[in-house]
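Please study the sequence and the structure shown here, and then work through the exercises that follow.

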Amino acid sequence: IMKIKLLSDKAKMPTVAGSSIQFYCSDIKPEVGNDNRVMLTYSSDVSVEIPEGKIGLIYQPFGSEGKSLELASGIKVYNGGQSYTIEARFKTNTDAIPNIYEAGENFISMILINEEIIELNIEEDSTIGKEPVDEVL
């Protein structure tokens, strides 16, 4: 169970769509990036606590192909057992007037996955990558 807290009157309760959680824009702050492109920081005014043993992955929602924005960080990772205010920074990808997310619109999605420890087995004398490839798939 993920704990959710609305931080302002403008905040909208997140919704669930399939396996993802949708967050909605309550505030937009523009700035100019190092490359002189407009950067927009979107806030949901929502704080969430990621459950222990889970990781929250933030990504740009599906169906946002028509927007002139791309998530500045690619995918953002939130660790379990901690609280976060959901925000996302986007950079514009056009020189024209950008098509952006508006207040009240779903601007970011989150999926929760199980946190797992990955172990690597590194072999000193491995033949991986040393064998000739006879076929092209």
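**Exercise 1: A surface patch**

Ile4, Leu6 and Met13 make a nonpolar surface patch of about 240 Å². This is a predicted model, in which local features need pLDDT of at least 70, side-chain atom pairs count only at pLDDT 80 or more, and totals for chains, interfaces and linings use all residues. Residues are numbered from 1 along each chain as its sequence is written, and side-chain values use heavy atoms, with hydrogens and water left out.

Task: State where Met13 is found and whether Met13 counts as buried, partly exposed or exposed.

Solution. Step 1: Met13 is found in the loop between β1 (3-6) and β2 (15-17); strands are DSSP runs (E, at least two residues), numbered from the N terminus. Step 2: buried means under 20% relative accessible area, exposed over 50%, and partly exposed in between (1.4 Å probe, protein chains only). Step 3: Met13 has 44% relative accessibility, so Met13 counts as partly exposed.

**Exercise 2: Aromatic pairs**

Task: Classify the pair of Tyr42 and Phe90, and then the pair of Tyr78 and Tyr84.

Solution. Step 1: rings of Phe, Tyr and Trp (its six-membered ring) pair if their centres lie within 6.5 Å; planes under 30 degrees apart count as stacked, over 60 as edge-to-face and the rest as tilted. By this rule there are five aromatic pairs. Step 2: the ring centres of Tyr42 and Phe90 are 5.4 Å apart and the planes stand at 90°, so this pair is edge-to-face. Step 3: the pair of Tyr78 and Tyr84 has 4.4 Å centre to centre and 40° between the planes, and is tilted.

Methods. Patches are made of residues with over 30% relative accessible area and no salt bridge: like charges are joined within 9 Å, nonpolar side chains (Val, Leu, Ile, Met, Phe, Trp, Tyr) within 5 Å. Accessible areas come from the Shrake-Rupley method with a 1.4 Å probe; for residues, only the protein chains shown count as cover. A salt bridge is a side-chain nitrogen of Lys or Arg within 4 Å of a carboxyl oxygen of Asp or Glu. Helices (H or I, at least four residues) and strands (E, at least two) are DSSP runs, numbered from the N terminus.
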